[in-house]
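Hi everyone, thanks for coming. Have a look at the picture with me, and then we can walk through it together.

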Amino acid sequence: YNVQYEKESRSNTPNTFAIYMMSRVFKWCLDEFGSLAEVEKYNEEKAAFIYDTIDNSDGFYIPHARTQDRSIMNITFRCTTDELDKQFLAEADAAGFSTLAGHRSIKGMRASIYNAMPKEGCEQLAAFMKAFQQSNS
């Protein structure tokens, strides 16, 4: 963007769709939360529902990332066995939690909870995780 600015937008055509979409996301964030600091706080609260479930599972759920490296947008974890991972994904999908399968190289699960994901969705996933643990421990 500095090159675009310095060349008065004549260096090449910028990705106008991406710029437009960013403006819509920023507007939504400001309309919904008032500031980026509030967006961050909200996202941290959402992530806490799931991370607390993982951290209080007595090792049933194993996080991929170290605590200090955790993402508040993509929460990755696995169960104690590959079989439990497969069962978790199947039961989660049946319960309406789709696309939780993790990356093929690290397996497990990945809960993507970007800005537009409501807090209620994170609460519901955490409740599902607790119920799954209880019925499979």
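Let me begin with how elements are named: helices (H or I, at least four residues) and strands (E, at least two) are DSSP runs, numbered from the N terminus. With that in hand, G59 sits in the loop between α3 and β1. Its relative accessibility is 41%, so G59 counts as partly exposed; the cut-offs are under 20% relative accessible area for buried, over 50% for exposed, and partly exposed in between, with a 1.4 Å probe and protein chains only.

A word on where this comes from. Please keep in mind that this is a predicted model, where local features need pLDDT of at least 70, side-chain atom pairs count only at pLDDT 80 or more, and totals for chains, interfaces and linings use all residues. Residues are numbered from 1 along each chain as its sequence is written, and side-chain values use heavy atoms, with hydrogens and water left out.

How confident is the predictor? pLDDT is its confidence in each residue, from 0 to 100. The chain has a mean pLDDT of 92, and 98% of its residues reach 70 or more. Confidence is lowest in helix α1, residues 2-6, with a mean of 77, and highest in α5, at 97.

D58 is not a glycine, yet its phi is positive, about 55 degrees. Is D58 buried or exposed? Exposed, with a relative accessible area of 79%. As for G59, its C-alpha is separated from that of K27 by 41 Å, and the two are 32 residues apart along the chain.

K107 is another non-glycine with a positive phi, about 60 degrees. K107 lies in the loop between α4 (82-94) and β3, and at 47% relative accessibility K107 counts as partly exposed. Helix α4 itself holds E91, which is partly exposed at 32% relative accessibility. E91 and R66 are 25 residues apart in sequence, and their C-alpha atoms are 27 Å apart in space.

Next, helix α2, residues 16-33. Its 18 residues reach 25 Å from first C-alpha to last, close to the 26 Å expected, where the expected span is 1.5 Å times one less than the number of residues. After α2 comes G34, with a positive phi near 95 degrees. Within α2 we find F17, and F17 counts as exposed, at 58% relative accessibility. F17 and S112 are 95 residues apart along the chain, with their C-alpha atoms separated by 23 Å.

S112 leads us to the pockets. On a 1 Å grid over the protein atoms alone, a cavity is a set of points where a 1.4 Å probe fits but cannot get out, while a pocket is an open set with protein on both sides within 12 Å along at least five of seven lines; lining residues have an atom within 4 Å of a point. The largest pocket is lined by 13 residues, with S98, L100, A111, S112 and M117 lying nearest its centre. Which elements supply at least two residues each of that lining? Both β3 (109-112) and α5 (119-136) do.

Finally, the cysteines. A disulfide is a pair of cysteine sulfur atoms within 2.5 Å, and by this rule the count comes to zero. C29 is in no disulfide, as the nearest cysteine sulfur, that of C122, is 15 Å away. C122 is likewise in no disulfide, its nearest cysteine sulfur being that of C29, 15 Å away. C29 is buried, with a relative accessible area of 3%, and C122 is buried as well, at 1%.

Notes:
pLDDT = per-residue confidence, 0-100.
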